[in-house]
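Could you walk me through this structure in the viewer, one selection at a time? I would like to know what to select and what is there.

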Amino acid sequence: MSKTIQPGSDGLIGDAWGGLAGMLVALPSSIAFGVLVYSGIGPEHAGDGALAGVIGAATLGIIAPLIGRNGGFISAPCAPAAAVLTALAVQLAGAGHAPGRIAVLLSLTALLAAALQLFYGTIRAGRLIKFIPYQVVTGYLSGVAVLIATGQMPKLLGLPKGVLLAHGIISPELWNWTSITVGIVTIVAIFVAPTVIRKVPAAIIGLLAGIATYFILAAFDPALLKLAGNPLIIGPIQTAGSFVQMIDARIDGLLAMHPGDVGPILVSAITLSLLLSIDTLKTGVVVDSLLLSRHDSNRELLGQGVANAAAAILGGMPGAGTMGATLVNITSNGRSFRSGVIEGVLVVASFVLLGGLIAWVPIGALAGLLLAVAWRMFDKSIFRLALRRSTRLDLAVIAAVMIVAQIDLIAASATGIGLAILLFIRDQVRSSVIVRKLDLRTTRSKRRRLGAENELLLRDGDQAMAVQLQGNLFFGTTDELFSELEPDLKTLRFLLFDLRRVQSMDFTAAHLFEQMRERLKQRDGELLLSGMPSSLPTRYDIENYLAQLGLVGAQGGIRTFETHDAAIQWMEERILEAAGWTPHGEAPPLGLEGIELLAGLGRHEIAALAGIVTELSVEAGRRVFAAGDQTDEMFMVRRGRIRALLPLTGDKRHHVATFEAGDFFGELAFLDHQVRSADAEAETPTELYVLSRSRFDELARNNPALYGEIFERLALTLSKRLRVADTELRVLEQR
């Protein structure tokens, strides 16, 4: 049975255990990442890298949770940071920079990345960063995994400095079997440990197994116990002067930087800021699902930015909210932000008490640890994308980012951004913006038509078409829209675009509307628009945009309608007029016997009803009642037309139905005594019969048979109207 993790279930004790478990995962990984980066400067700087990893783990662990205040997070140096900074270190070393200057430039890169994270959090971009496509992110991270693996294989094999991996693999005589043995034992222990000992993190078990293996081998080779100049271990962690003096030197180095130094590292800083932010936010999503909570992504970015800035100034590795340490923390009952702080404090305590032992950590063990990290980072599921044609382009994008990452991580980030844009355009173009298109032979307005009118519309209804659009109308989708409608434009006179589901449009789409209007105008036709988003706070103001372009409004040539049905009715009337149809003259008001609901009743029943109904005249444009009114009357139309309009957000209304002479409306409040659900408005001068429920109930005492007959007819009519509503819903929900 699954167990739901409840936030804060064990309080401070749980946070303490979680912090300890998180430290056991974060510290060895942080040391490994630091060694990886500083080894790019030179193998002799591995000790500096280990110290940078420890400082980064401590600084991030303490500061990030104090500011972010998101429970469960463990922040520490991470693989993406190591990959970006390693590539930069190698590049700077190749350019001839001195080791001390490279260290300062790495700190400046981390500092700029931290400033960008603070900027992201300030402008509340925490949610936007999540929209970078998965194909780009997984391609980049898988590429980083390959880079880490290829960078660590020489260390695992113990190859001499300067020997390329390709040459070293085919030269077994160059292999160091001590390093290989230590590395393999570390890897095996990391993957086997979770099946044997679940309470101790696999990373710490693997590292301890590698260290133990090294000292077992040292029993047969005393040279391995030599600390100074031993290439198989990290070696002494030495600083020039005290820790405070080291910080002063780092700050002095940063202050000595000038604007020209920013250029070579700027793209690396941007890349680093994005990767650290994405890594943190991905971890936040997992934390939310485990703790049934919702983290503040923008505040977390601010916390990460401040922590990374402090780490850069202190000479530590930058990092993010890491997935592995965070999961171990949560499953060990670390729920609040305190667990992260405790993790950072324990890193400091471990370094103070056991710092001397770090010098004896084998390079092969760290290589094995990083190879295990790389294996887990690499997304093995991407190969399944090759099995389906629909996903092969996604695989191509992932592969492109991975390949470019092997050459230049900075170029890979630019490639990823470019491909993200192409993926967006592809998705927009691949999905049609047309929801449905129907001519007037298959769709009608809610106004009832006589038999002769229906025949004319069935014959000539192909001259007018209603097209419902969706999504974004921009340069990437409008060409496809025109291609889909071009055959219809050769025969249509009237074309209606329903824009209710349109989110935005650009000038290209507006220009397309103008082109279509001109083509329809050649056949004395028109382009119509209905349902334009304008007042809803979350929708683009298309109506105002088109008015500014002079396409709609008093000066525009495109006719607009508030409701889709009003536009359909207008096209029906134009087609009927073109066919020679003329509106019927004013007929005299109907008597009660002419009302459809009462058709077939006897003379005595009609007389009884005539005694309780009243008559009402309504001018065109005036309301009979409004939504929310508390009345119990039912209305029967003697002459004229009544429209039922459902109020919507933003002063919009949906046309529900049009009731003409012989029809009735308002039956819902008549039946259930509830408030009115819609507005009833006279489209033309109208005369009505009004039947009050209270007076009708009085009639029932003397004529129960008539009472039952009327309710039976009401039920039958309501069932027919519900069937019509079902048909309309089916059209709306077609997929």
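Predicted model: local features only at pLDDT ≥ 70, side-chain atom pairs only at ≥ 80, totals over all residues.

Residues are numbered from 1 along each chain as its sequence is written, and side-chain values use heavy atoms, with hydrogens and water left out.

**A helix pair.** Select residues 46-68, helix α2, together with residues 297-314, helix α11. Helices here are DSSP runs of H or I with at least four residues, strands are runs of E with at least two, and both are numbered from the N terminus. The axes of α2 and α11 come within 8 Å and cross at roughly 150°; axes are lines fitted to C-alpha atoms over the stretch in contact, with angles from 0 to 180 degrees between N-to-C directions. The two helices are therefore roughly antiparallel (over 145 degrees).

Next, select residues 202-218 for α8, which has 17 residues. Its buried residues (under 20% relative accessible area, 1.4 Å probe, protein chains only) include I204, L207 and Y214.

**A strand with two partners.** Finally, select β14, residues 679-682: D679 and E681 point one way, A680 and A682 the other, and all are buried. Two bridges join β14 to β9 (residues 623-625), running antiparallel, and F625 stands opposite A680. Four bridges join β14 to β11 (residues 641-647), also antiparallel, with I642 opposite A682. Strands pair if DSSP finds at least two bridges between them.

Key
Expected span 1.5 Å × (residues − 1). Buried < 20%, exposed > 50% of the residue type's maximum accessible area, 1.4 Å probe, protein only. Parallel < 35°, antiparallel > 145°, perpendicular 65-115°, else oblique.
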